[in-house]
Amino acid sequence: MARTIPSQRIYLDNAATTPLCAESRQAMLPWLEQGYGNPSSLHQEGRKAKDAIDSAREVLSNDLGCLFAEVLFTSGGTESANLAIVGTALNHVGSSRNRILLGASEHHCVINTESTLRALGFQVEFLPVDGQARVDIQALSDKLSEDVLLVSTMHANNELGTIQPIREIADIVHGQGSMLHTDAVQSFHAPGQNWKVSDLDADLVTMSAHKIYGPKGAGAIYIRAGVKLKPLVVGGGQEREMRGGTENVAAIAGFAAAVALARPNSDPIQSAREALISELANLGAIATVIDRSNVLSGHAHVRFPDIDAETMLIVLDRLGLSASSGAACSSGSIEPSHVLEACGYSAEESKYGLRFSFGRDATAALAHDAIQIVQSAVDQIRSRKD
Ligand SMILES: Cc1ncc(COP(=O)(O)O)c(C=O)c1O
């Protein structure tokens with residue numbers, strides 16, 4: 001059946017990255033042009049750059065509801081999570097707390113710390129999750145004991161968008177005197193998410209700028225006062241000796257500008273997401289998360305039982321729609337999603353997951369156009385099979 005394909009490309013991969021907003025761009029320009037001072041220099045140019053970083057830290061600490069000194073800037077969510085987990089481990093090498101628990105459906109920046117942690121002498125165990133990538137609370141309680149140093153589990157899952165009860169998890173973890181890191185890259189400033197660090201009660205919280213319309217290459221870590229880490233990058237003592245290297249002043253200023261923006265209303269985003277999911281169901285797609293009351297508003301995760309994600313994404317891209325699946329490997333082909341595998345899907349089924357993630361520009365019209373494209377893609381793929 002002939003369908004009308006919208007002339008504009010549609011970007012539904014906002015969970016992977018978002019476009020730079022005008023406010024961030026504006027905030028970055030002075031530090032890319034005339035504001036070239038090194039923040040560690042004592043002269044005027046240096047002091048101005050240092051002031052810009054301090055102002056940005058003020059914005060983030062106010063936003064997170066924490067102390068100024070509890071926020072450090074990094075190059076992004078990956079470095080922040082590495083610092084949270086490996087930095088904590090480095091500070092406790094040889095301690096009687098020699099076990100670290102990682103959620104099985106974490107982002108690779110958490111999962112892939114395993115080999116380093118083992119090399120440092122820690123025992124690493126993966127926490128099972130339910131069918132929606134939420135940590136099994138009973139398994140967490142069973143695994144926790146006085147020898148657990150750290151638990152790392154994310155606030156919201158990047159593939160499914162499911163939000164975890166981090167406060168409840170924090171209570172359980174702290175009950176054994178262990179520490180909690182939560183990767184909040186997906187939930188930080190997501191539409192409808194207005195948390196402060198006290199709401200999560202984690203000891204370490206990690207964030208990234210490019211998921212919230214800020215620049216790539218900037219992130220932050222909240223380190224609760226009193227929590228001790230060792231740096232992964234040593235050098236000139238920047239970021240309170242926790243991260244050596246001259247700071248990326250422009251990116252930090254751009255990050256703060258994105259944080260300072262008013263949080264968007266999640267209702268239109270959620271309506272667009274729901275419209276898409278219900279139309280896709282008419283085409284035979286199965287929603288991975290049925291009860292979406294505790295899911296980030298922009299995430300739509302589905303599977304077409306007869307169409308693998310790679311085929312679908314290639315056709316969608318050709319028709320003008322950008323979406324994604326699980327992890328894309330360096331060759332560009334689709335690997336089975338470790339998130340879906342952790343949720344109990346077979347390796348084969350885990351190649352069928354599709355993620356459409358709406359951004360702040362979501363409208364009913366955008367969802368309608370996206371549906372037209374997905375319908376055309378499904379028609380094309382199925383007609384080839386006939
Ligand atoms: C949940 C989660 N954690 C961490 C990261 C990594 O963040 P960055 O790209 O800033 O290194 C991402 C980005 O995909 C993510 O979705």
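This is a predicted model: local features need pLDDT of at least 70, side-chain atom pairs count only at pLDDT 80 or more; totals for chains, interfaces and linings use all residues.
1. Seven strands make up an open sheet in the order 2-8-7-6-5-3-4, and the pairing is mixed. Strand 2 (71-74) and strand 4 (123-127) stand at the edges with a single partner strand each, so one side of each has no neighbour in the sheet. From one strand to the next, the twist averages 20°.

2. A helix on the sheet. Helix 2 (residues 44-64) packs on the sheet, where it touches strand 2 and strand 8 (219-223), and the direction of helix 2 makes about 125° with that of strand 2.

3. Strands 3 and 4. Strand 3 (residues 99-103) and strand 4 run parallel and are joined by five bridges; within this pairing, Leu 102 has Phe 126 in strand 4 as its bridge partner.

4. Strand 6 and its burial. In strand 6 (residues 179-183), five of the five residues are buried, so the strand is largely enclosed by the rest of the structure.

5. The neighbours of strand 6. Strand 5 (residues 148-152) runs parallel to strand 6 and is joined to it by three bridges, with Val 151 standing opposite Leu 180.

6. Strand 7 and strand 8. Strand 7 is mostly covered, with five of its five residues buried: Leu 204, Thr 206 and Ser 208 lie on one side, and Val 205 and Met 207 on the other. Five bridges join strand 7 to strand 8, and these two strands run antiparallel; in this pairing, Leu 204 stands opposite Ile 223 of strand 8.

7. The ligand shell. Which residues come nearest to the ligand? Of the 13 residues around the ligand, these are Gly 76, Gly 77, Thr 78, Asn 158 and Ser 208, and Ser 208 is also one of the buried residues of strand 7. By class, the shell comprises nine polar, three nonpolar and one charged residues.

Note on methods
Residues are numbered from 1 along each chain as its sequence is written. A residue is near a molecule or strand if its C-beta atom, placed from the backbone, lies within 6 Å of it. Ala, Val, Leu, Ile, Met, Phe, Trp, Tyr, Cys and Pro count as nonpolar, Asp, Glu, Lys and Arg as charged, and the others, Gly among them, as polar. A residue is buried if 20 or more other C-beta atoms lie within 10 Å of its own, exposed if 12 or fewer, and partly exposed in between; C-beta atoms are placed from the backbone. Helices (H or I, at least four residues) and strands (E, at least two) are DSSP runs, numbered from the N terminus. Two strands pair if DSSP finds at least two bridges between them. Axes are lines fitted to C-alpha atoms, for helices over the stretch in contact, and angles run from 0 to 180 degrees between N-to-C directions. Two residues are in contact if their C-beta atoms, placed from the backbone, lie within 7 Å.
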